[in-house]
Structure formats: C-alpha cells, structure tokens
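Good morning, colleagues. Please take a moment with the sequence and the structure before I turn to its charged pairs and its nonpolar side chains.

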Amino acid sequence: MGQVQLTAIRKSYANNDVIKGIDIAVEDGEFMVFVGPSGCGKSTTLRMIAGLESISGGDLLIDGLRANDTNPADRGAAMVFQSYALYPHMTVRENMGFSLKMAGVKRTQRDEQVNHAASILKITELLDRYPKELSGGQRQRVAIGRAIVRKPKVFLFDEPLSNLDAALRVDMRIELSRLHKELGTTMIYVTHDQVEAMTMGDRIAIFNGGLIEQIGRPMDIYRRPANKFVAHFLGSPTINFVNRPDQSKTQQVHFLWQQLNCTNPAAASVGVRPEHIRLASAQEGVPAEVLLVEYLGDAMIVHVKLQGGEELFKIKQSDSQVQLAAGDVVGLQFNHDYVLAFDAKGTLISRL
Ligand code: ADP
C-alpha cells in the first residue's frame, strides 16, 4: 500500500507562511504530479512528506497512519534526487546498494535487490562503472535505482529531469511512465514543466502561492480549468483572454465579443485556446491583422491584433502550408464548444 493523505497542511519559516493549508489524497499506485510556477511550495510539500522538513500544521497520513513525526527512514518513502547526488567514488552497484548496506542488509540479499532493480532499469551492464563513466540519462537511472532497491511504498521525485537536455527529458519521461506501470507503486512527482505534468500524471495538483488551485486528471483540467490562473498555466501557447467590453470600446471590440457567443451576464471575461480559433478570410470572421507567424513544421502559430482594438490573439493551426505574413488581414472564427467564461474573480462559470 502507498496512500498519502495531506489534510490542512501548513508550513511556515519564521513569520513567512509558505504552505497555507493544502489538502490532497494520493491513492495507492497513483502517479500524482505537483506542478506550478517556481516558489509556489511544491518542493516544500514533497520534503514534508519525505520527512526532510518539519510540518507546521495539519496532518500527514501514510496508509492511514499519522506520520507527521515519524522518522523519515520509517515512512516508506524514497526520494529520488537529481542525478548529480550520486557518490562519485562508488560504482553503480555500490551507489545503488548503499542505503541497504547502511540498514544492515546482508551482502547476498543486497546484491539480489540491486540486480533486480538494475534489470528493471536496463542498466545491468553498467553496474561496475563509476558515475563519471555514465551519460546524464544513465546517471538518472542509477539515482532512481537507489530508490527502487529500498522497495518504498511511495517514490518522491523532485524535478528529476531538470538538468537533462530536451531530447533526453522526453526519453526519461516515457521511461518513468513505463517504470510506474511496471512497479505499480505510488509516485509523487514535482515539476514546474506543464508538459511533464500533462503527459505523466494520472492526476495533477496545480500549486500557486502555497495553495492548490485544482486537482484532477490532466485533460479534465485542461478542458475545465477551475479559474484563469489554471487556464493560463496549462497550454502552450497560452490561452487567449478577452474582457467584456464596456461603452468606451470600439464597435469592432463589441463585434468580437458577440462572435464569442457569451450571453451569461456573470461573465467578466472569456478564454479561448489557440487551437480553438480558426483562420478564415476577413469577411468570414472577426477581422485581425497578422503581427508575426511562427512556423513549427507540423503547425504554425499566428499572432494577430484585432482591427480597431488592442486585443491580441495567438492562433495555432495544424496546417502550416498556408502562407501568411505580417500585415495580412485575416478573419477569426471561434469554436464555441471550447470557449470558457470566467466571473469577475476569475473563477470558471459553467455556462457561456
Ligand atoms: P517550489 O518547489 O514550488 O519552487 P519551494 O517549495 O522550494 O517552491 O519554496 C516555496 C517558498 O518557500 C519559496 O518562497 C521559498 O523561498 C520558501 N522557502 C523554501 N525553503 C525555505 C527555507 N529553508 N527558509 C525560508 N524560506 C524557504
């Protein structure tokens, strides 16, 4: 079992409240991702679960038992640090078996557990090498191997891929997802990278300023973000927001608002993702001027400004064959099925 429950958890350093009361229930076997901008409290929360930081308030339950004051070594949680935390003077085998050795596990059993972990991670042939003889990705596997040998109830990952290059990060993402399926063990994974969160998490918890904005399955959150913060945090390029125009705005801005089809009087703004806007001719949509076109190969991102207004939009088109240039006038069409409405506080409202 590996259930982790946080109830009204708080953390303060002197007078500084960095975690302001959070609730999360991580199910046994689940891959939970903590994601949010830098400094929002993800690592602190993970470190409180590991026992590396004291808990200022609230309850931490591991498999139903209060663990606030349990010795870190007795919590059944294994933290995976970034790969540079390997001992340079030990071989891979010694690095992976070190915690077992410290715990007094006999040599033969230690070897058995290290060999088993190495075969899962496909690094058996590296066991006699030293860290400096490994690539970045191989080192990261060893760092994970050190945690696997301890047979934890829960793995805790703190930005484990952040010092790998982009291509390797993608490989390791897939590798970690495979590992999770194979082991079936609870994993809690901290990252500031929304793509890692979206692709790896069974569920994700979006942190902001020491609080949690939303917890849910990645696509559910992407489609139904609880508020404007979450809507903006997930998705690249970011979502477009349009504020309800007042009397001072031009006719063109009012026309834009009409085309968004928002009739709910409580709506103060709407959000529409770049992939939910279609480009048509100026006569067929809301006229806008092209500012910049980014060709990505499989898609293009078009930046436009509303004609007769200040509103800027990013539009993502999968067809990058269309030739567009700065100064061209296009028409915007909105896919109403996906337009989101928010109230004056920025909270999602269920009806457009
Ligand atoms: P994240 O992992 O989301 O980037 P952290 O959990 O590392 O954020 O930090 C959350 C906040 O707590 C930050 O404002 C940080 O400056 C503060 N903080 C973290 N550790 C300490 C510490 N030991 N003493 C004082 N403040 C700290």
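Predicted model: local features only at pLDDT ≥ 70, side-chain atom pairs only at ≥ 80, totals over all residues.

Let me begin with R203 and E30, which form a salt bridge whose closest N and O atoms are 2.4 Å apart. How accessible are the two partners? R203 is partly exposed, at 22% relative accessibility, while E30, with a relative accessible area of 8%, is buried.

The search of the whole structure finds 14 salt bridges, and I shall discuss some of the others. In general terms, side chains of opposite charge can pair when their charged atoms come close.

R47 and E53 meet through their side chains in a salt bridge, at 3.5 Å from N to O. Here R47 is partly exposed, with 28% relative accessibility. E53, at 19%, counts as buried, because the cut-off for that class is under 20% relative accessible area.

A further salt bridge joins R169 and D193, with 3.2 Å between the closest N and O atoms. R169 lies in helix α5, which spans residues 166-183, and D193 lies in the loop between β8 (186-191) and α6 (194-200); the pair therefore ties together parts that are 24 residues apart in sequence. Both R169 and D193 are buried. There is also a network: R141, E175, R178 and E182 are joined into one by salt bridges that share partners.

I now turn to the nonpolar side chains. In soluble globular proteins, these tend to be buried together. Which members of the largest nonpolar core touch the most other members? They are M96 and I144, in a core of 44 residues. Setting aside neighbours within four places in sequence, the contacts of M96 are V114, A117, A118, I123, L127, V142, G145, R146 and V149. Another core, of 28 residues, lies apart from the largest one; V293, V304, L332 and V339 are among its members.

Finally, the surface. L291, L292 and L312 make a nonpolar patch of about 280 Å². Of these, L291 is placed in strand β14, residues 286-295, and is partly exposed, with a relative accessible area of 40%.

Thank you for your attention.

Definitions and conventions. Residues numbered from 1 in each chain as written. Heavy atoms only, no water. Patch = residues over 30% accessible without salt bridge, like charges linked within 9 Å, V, L, I, M, F, W, Y side chains within 5 Å. Areas by Shrake-Rupley, 256 points an atom, 1.4 Å probe, with all protein chains shown as cover. Salt bridge = Lys/Arg side-chain N within 4 Å of Asp/Glu carboxyl O. Helix = DSSP H or I, 4+ residues; strand = E, 2+ residues; numbered from the N terminus. Buried < 20%, exposed > 50% of the residue type's maximum accessible area, 1.4 Å probe, protein only. Core = buried A, V, L, I, M, F, W, Y, C linked by side-chain atoms within 4.5 Å. Contact = heavy atoms within 4.5 Å.
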